[in-house]
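Open your viewer and get ready to select. This tour goes stop by stop.

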Amino acid sequence: MIAISIPLEHVLVLAAVLFLLGATGVLVRRNVIFQLMSLEIMMNACGLAFIAGGARWGAPDGQIMYMLVLSLAAAEVAVGLGLVLQLERRFGHLDIDQASELNG
Amino acid sequence: MEIVLFYIAGAVTISATCLVVTRLDASHALVYLIVSLLAVAVIFYLLGAPFAAALEVVIYAGAIMVLFVFVVMMLNQGRRGVAQERGILQPRMWIGPGVLSGVLLLEMIYLIASQTATTAAVVVPPRQVGIALFGPYLLAVELASILLLAALIGAFHFGRRYMRDRREGAE
């Protein structure tokens, strides 16, 4: 099994790039499915930063925080996709601006 | 040099993620997202976290993305969705968020570059992770399970109404 020492700042820059790509996606896209995918990208970037921090100290804590992020992402996707189905049924399309008319 | 592997995986991740954000067809974006997640799993492995890499493949690329695939196939947007996206998405919409994100990125790079460190070249085995997970972090595990239960109930509620209305619409 390999574990190589990678410069920590490079990993963190990669995580920052991924996070901001996801943030740009959330801001620009109006289709709910793409926004959910961008949120997944952002959470994945957070997980990468946690793993990098854990690898810096050789400790398991980073991986444990990653697992908690993973369960949060799973919960968010389950509820989010349920909302996507409701949105599609009510309006026939997935434009997030239409969600302001949701009630009940 | 094994460190080249990290840069290759990072380049694959960033380019796949750019494609996810810019695609018009949801199913294409999903496939690129899976590629990006697999590349991140390679990075986890290189960072000495084999268990996290396995979880990334099994849960993220496996379970969560399959949920997305199910919903995209169920909604069956196809060409209609692409046409809709093309109507919504003008190129000038990228300018504002792109500039803001670029400024944030420059700030982050400046802050990160002001201190240097390398990751320790040790593998943290799953055994150690498990001992910590069910020792000091036991409360976090319980909270995560409550969160998942709440999400399960929420998803069941939304999905049940969706299926009931669909059935009534079919009759």
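**Stop one: the largest pocket**

Select helix 3 (61-91) of chain A, then helix 3 (50-75) and helix 7 (138-170) of chain B: each supplies at least two residues of the lining of the largest pocket. Helices here are DSSP runs (H or I, at least four residues), strands are runs of E (at least two), and both are numbered from the N terminus. This is a predicted model: local features need pLDDT of at least 70, side-chain atom pairs count only at pLDDT 80 or more, and totals for chains, interfaces and linings use all residues. Residues are numbered from 1 along each chain as its sequence is written, chains are lettered from A and ligands numbered from 1 in the order in which they are written, and side-chain values use heavy atoms, with hydrogens and water left out.

A pocket is found on a 1 Å grid over the protein atoms alone: an open set of points where a 1.4 Å probe fits, with protein on both sides within 12 Å along at least five of seven lines; lining residues have an atom within 4 Å of a point.

Which helix gives the most to this lining? Helix 7 of chain B does, with 6 residues. Now pick Ala78(A), Gly82(A), Leu85(A), Ala155(B) and Gly159(B): of the 14 lining residues, these lie nearest the centre. The space comes to about 240 Å³. The lining divides into 11 nonpolar, 2 polar and 1 charged. Asp, Glu, Lys and Arg count as charged; Ala, Val, Leu, Ile, Met, Phe, Trp, Tyr, Cys and Pro as nonpolar; the others, Gly among them, as polar.

**Stop two: the second largest pocket**

Stay on chain B. Helix 2 (26-46), helix 3 and helix 4 (78-88) each supply at least two lining residues here. Helix 4 has the largest share, 4 residues. The lining of the second largest pocket holds 7 nonpolar, 6 polar and 2 charged residues.

**Stop three: two cysteines**

A disulfide needs a pair of cysteine sulfur atoms within 2.5 Å. The count over all chains is 0. Cys46(A) is partly exposed, at 32% relative accessible area, and Cys18(B) is partly exposed at 31%. Buried means under 20%, exposed over 50%, partly exposed in between (1.4 Å probe, protein chains only).

**Last stop: all of chain B**

Zoom out. Chain B has 7 helices and 0 strands. Of its 171 residues, 35% count as buried.

How values were computed
Grid points are joined across faces, edges and corners, and a volume is the space filled by probe spheres set on the points.
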